[in-house]
Structure formats: C-alpha cells, structure tokens
Amino acid sequence: RYGRDEMAAFLGSFNLITETIVLFAQLFLTSRFLGRFGIRAALEARPAALLALAPAAARSGAAPATAVKLTETSLRMAISGAVSDLLLAPTPARMRTRVKLFAKSAAAPPGSLALGVALGLFGDAGPPRVALAAMLGVTAALSVLALLGVRRAYTTALADALGEGRVTLDVSPATAELLRGELRRQLEAAVRAGDADRAARLVSVM
C-alpha cells in the first residue's frame with residue numbers, strides 16, 4: 001500500500017529517469033542502433049527485452065516490476081518509435097496520416113479488450129506474479145516470432161509501391177539514411193543467396 005504523496009513521488013522519479021534515458025539514447029544511440037541493425041531489430045528490441053525480463057516479473061517486490069516497465073517504456077520511446085516514419089513509406093504521402101491513425105485505432109481496442117478479459121479471469125485480486133510473468137513471456141515471444149519476416153515483407157512492399165509510382169520518399173534525411181542501410185543489407189543478403197531477381201529489384205529501389 002502506498003500513500004498519495006509517496007506514489008506521486010515514485011511516479012515523478014520514474015518519469016524523470018525514463019525521459020533522461022530516452023533523451024540520452026535519442027542523442028547518442030538511436031541512429032547508430034538503427035543504422036547498424038535496421039528495422040527488424042528496432043521493432044524486436046522491446047519484445048525481446050521483455051521476454052528476457054519475464055522471469056524477473058515473477059519475483060515479489062516493486063523493483064522487478066519497475067525494471068520491466070522502465071525497460072519497456074525506454075525501448076518503445078527511444079528505438080521502436082523511431083522507425084514509424086519509415087514504416088509508412090510504402091503508403092502514398094496523402095494517406096500517411098490516415099494510415100497512421102487507423103493503425104493505432106485498429107490495434108489498440110482489440111488488444112486492450114483481450115487483456116481485460118484475460119486479467120478479469122483472475123478476479124479482483126488479479127493474477128499471481130507467476131501467471132503474470134508467464135503472460136508477459138508468451139506475449140513477448142509471440143511478438144518476436146511475428147516480426148521475423150518483417151524485413152523482407154517491408155522491402156517487398158516498398159519496392160512494389162515505388163515500382164507502381166504510388167509513393168515518393170519524402171522522408172527526413174535520418175529516415176532516408178536508415179532506409180539506405182536497410183536496402184543495402186537486403187541487397188547483400190540477396191547476393192549471398194544468389195537471388196538475382198530480388199537483387200535486381202533492390203537495385204532499382206536504391
């Protein structure tokens with residue numbers, strides 16, 4: 001049990017630390033991470049970290065839960081969110097705002113509803129820590145698996161959009177540099193695999 005003032009002080013300290021980490025990452029780490037590892041790693045970083053931390057969530061005390069939430073929030077704001085512009089690149093420029101709003105509004109309610117139903121099964125007391133950790137681990141593992149093919153799918157969608165003249169890459173210089181690195185990695189992989197058709201498509205996109 002925490003009093004009002006203690007909870008306010010805790011949340012204030014938590015937010016201050018989180019925002020400091022995110023600011024430092026955005027200034028010194030994010031662009032290097034994205035340039036080195038690309039889109040899939042940026043999207044997988046958060047669920048992969050949560051998968052690794054899931055066993056800690058089963059332990060008692062506020063510290064494990066705080067560490068999990070701090071990691072999740074920091075990675076979401078510093079890494080995962082940084083690729084949002086690039087993910088929208090295959091869509092026509094005039095539709096990007098609507099697509100972004102639709103993606104957020106379409107994904108959040110079903111996820112929140114499913115979470116509410118799952119947690120509601122445990123009653124007012126909520127799930128025991130072990131069950132909560134298991135739910136977190138399973139969700140994180142499924143997220144990592146779902147993102148395994150994202151790099152190839154994204155490059156294909158972008159190549160199709162450019163080939164049909166449906167999109168222009170009016171993105172920021174930082175986003176363009178990230179895209180360049182992503183396409184270069186894809187081209188190298190296509191050459192190593194001897195996939196001439198895919199290599200030719202990637203060269204045309206570049």
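Predicted model: local features only at pLDDT ≥ 70, side-chain atom pairs only at ≥ 80, totals over all residues.

Biologist: How many helices and strands does the protein chain have?

Modeller: Helices (H or I, at least four residues) and strands (E, at least two) are DSSP runs, numbered from the N terminus. Here the protein chain has 9 helices and 0 strands, so its elements, read from the N terminus, run α-α-α-α-α-α-α-α-α. The C-alpha trace spans about 60 × 35 × 35 Å along its principal axes.

Biologist: What percentage of the residues count as buried?

Modeller: A residue is buried under 20% relative accessible area, exposed over 50%, and partly exposed in between (1.4 Å probe, protein chains only). Of the 206 residues in the protein chain, 31% are buried. Accessible areas come from the Shrake-Rupley method with a 1.4 Å probe, and for residues only the protein chains shown count as cover. The protein chain exposes about 12800 Å², of which carbon and sulfur atoms supply 65%.

Biologist: How are contacts along the chain to be read?

Modeller: Contact means heavy atoms within 4.5 Å. Among contacts between residues at least 6 apart in sequence, 75% join residues at least 24 apart.

Biologist: What span should H3 have, and why?

Modeller: The expected span of a helix is 1.5 Å times one less than its number of residues. H3 has 17 residues and should therefore span 24 Å, which agrees with the 24 Å between its end C-alpha atoms. Helix H6 (residues 129-146) has 18 residues and reaches 26 Å from its first C-alpha to its last, close to the 26 Å expected.

Biologist: Which residues of H3 are buried, and what covers them?

Modeller: An α-helix has 3.6 residues a turn, so residues three or four places apart point the same way. In H3, the buried residues are Pro 64, Val 68, Glu 72, Thr 73, Ser 74 and Ala 78. Their cover includes helix H1 (4-28), H2 and H6. Thr 73 lies in H3, residues 62-78, and counts as buried because its relative accessible area is 9%.

Biologist: Which side chain does that of Thr 73 join in a polar contact?

Modeller: A polar contact is a pair of N or O atoms within 3.5 Å; within protein, one must be able to donate a hydrogen and the other to accept it, and residues adjacent in sequence count only if both atoms are side-chain atoms. The side chains of Thr 73 and Glu 72 are joined by such a contact of 3.4 Å.

Biologist: Which residues of H6 are buried?

Modeller: They are Ala 131, Ala 133, Gly 137, Ala 140 and Val 144. Helix H2 (30-57) is included in what covers the buried residues of H6.

Biologist: Why does Thr 30 count as buried?

Modeller: Thr 30, which lies in helix H2, has 7% relative accessibility and therefore counts as buried. Leaving aside neighbours within four places in sequence, Thr 30 is in contact with Ala 25, Ala 78, Ile 79 and Ala 82.

Biologist: Is Pro 173 buried or exposed?

Modeller: Pro 173, found in helix H8 (residues 173-193), counts as exposed because its relative accessibility is 72%. Pro 173 and Tyr 2 are 171 residues apart in sequence and 47 Å apart in space, C-alpha to C-alpha.

Biologist: How far apart in space are Leu 86 and Ile 39?

Modeller: Leu 86 and Ile 39 are 47 residues apart in sequence and 8.6 Å apart in space, C-alpha to C-alpha. Leu 86 lies in helix H4 (residues 84-87) and, at 2% relative accessibility, counts as buried.

Notes:
Residues numbered from 1 in each chain as written. Heavy atoms only, no water.
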